[in-house]
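Hi there,

Here is the structure I promised to pass on. Please have a look at it before reading my notes.

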Amino acid sequence: MSNQPIRKAVFPVAGLGTRFLPATKAVPKELLPIVDRPLIQYAVDEAREAGIEEMIFVTGRGKTAIVEHFDIAYELEDTMRARGKDMAVLDPTRAKPGTILTVRQQEPLGLGHAIWCARAVVGDEPFAIFLPDELMVGAKGGSGCMKQMVDAYEKVGGNLISVLEVPREEVSSYGVIDPGAQDGALTAVKGLVEKPAQQEAPSNKIVSGRYILQPEVMRILEDQEAGAGGEIQLTDAMAKMIGTQPFHAVTFEGNRYDCGSKLGFVEATLALALEREDMGAEVRKVAERLLG
């Protein structure tokens with residue numbers, strides 16, 4: 001098992017975004033804006049904060065605009081300079097040469113298959129996984145989710161997943177951990193249960209969209225049979241690693257927004273807009289007026 005630092009992150013972004021049609025007919029859902037930044041930008045910024053250097057996008061047909069977002073837009077920049085516009089607004093979209101890589105998932109065979117498609121780029125290194133639909137915002141003044149996980153990884157190594165505590169009545173909608181010993185925000189993971197009935201759930205700690213995994217998971221995914229929904233499930237592969245390598249959960253200190261749903265997307269937009277110094281007060285006035 002490797003104890004190397006986490007340098008690479010995989011972003012599975014090949015999904016069709018059908019829940020947001022017609023907005024996503026020609027625009028990848030990962031580029032839909034939360035206030036004034038696309039969803040994928042928040043995930044990449046979170047990765048950079050955690051010290052991750054290489055961003056690996058697992059794309060599909062029609063997703064080239066995601067990569068272009070992190071490229072240099074010469075015409076736009078020339079026009080902005082000529083008009084005296086502030087160029088700093090584009091700084092987060094600039095990627096150093098060689099730090100954005102793409103692989104193609106040619107068939108929609110599941111999250112586990114999407115991760116496996118990045119095996120050649122990941123190599124024999126531990127790596128992070130970001131599900132961009134899950135917008136994770138650290139507590140005010142605190143670090144982001146992946147930074148919290150990397151800090152924990154440096155202490156315990158092995159495999160880590162981010163978890164959140166939810167009311168018991170909500171556990172049937174998520175993957176849930178079977179918890180072992182707990183040390184602060186760290187919890188040993190004895191097992192993973194996918195969408196258990198409320199009375200059968202081993203805990204109320206649900207798996208959220210951030211992972212740090214050892215490269216051995218790729219070899220498991222190589223031969224992984226289809227699971228729920230007829231797809232190759234990452235959860236099934238991770239479950240096989242429990243007991244053979246250290247496996248912990250990190251309880252995230254912050255807020256999670258499910259931007260894969262319309263309600264979660266609107267909630268995230270409103271919450272982040274209210275926190276902005278340049279517009280928060282005005283947004284609050286608008287919300288109060290609309291609520292009458």
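Below are my notes on its pockets and its nonpolar cores.

First, the ground rules: this is a predicted model, where local features need pLDDT of at least 70, side-chain atom pairs count only at pLDDT 80 or more, and totals for chains, interfaces and linings use all residues. Residues are numbered from 1 along each chain as its sequence is written, and side-chain values use heavy atoms, with hydrogens and water left out.

The largest pocket has a volume of about 1,600 Å³. (A pocket is an open set of points on a 1 Å grid over the protein atoms alone where a 1.4 Å probe fits, with protein on both sides within 12 Å along at least five of seven lines; lining residues have an atom within 4 Å of a point. The volume is the space filled by probe spheres set on the points, which are joined across faces, edges and corners.) Its lining has 48 residues, and Arg19, Leu111, Leu131, Asp133 and Glu231 are the closest to its centre.

The second largest pocket holds about 490 Å³. Of its 21 lining residues, Arg37, Val137, Gly138, Leu272 and Glu275 are the closest to the centre.

As for the cores (sets of buried Ala, Val, Leu, Ile, Met, Phe, Trp, Tyr and Cys residues joined through side-chain atoms within 4.5 Å, buried being under 20% relative accessible area with a 1.4 Å probe, protein chains only), the largest has 36 residues, and Phe11, Ile40, Ile52, Phe57, Phe130 and Met146 have the most contacts inside it. A second, separate core of 32 residues includes Val189, Met218, Leu221 and Met241.

Best wishes

Terms used:
Buried means under 20% relative accessible area, exposed over 50%, partly exposed in between (1.4 Å probe, protein chains only).
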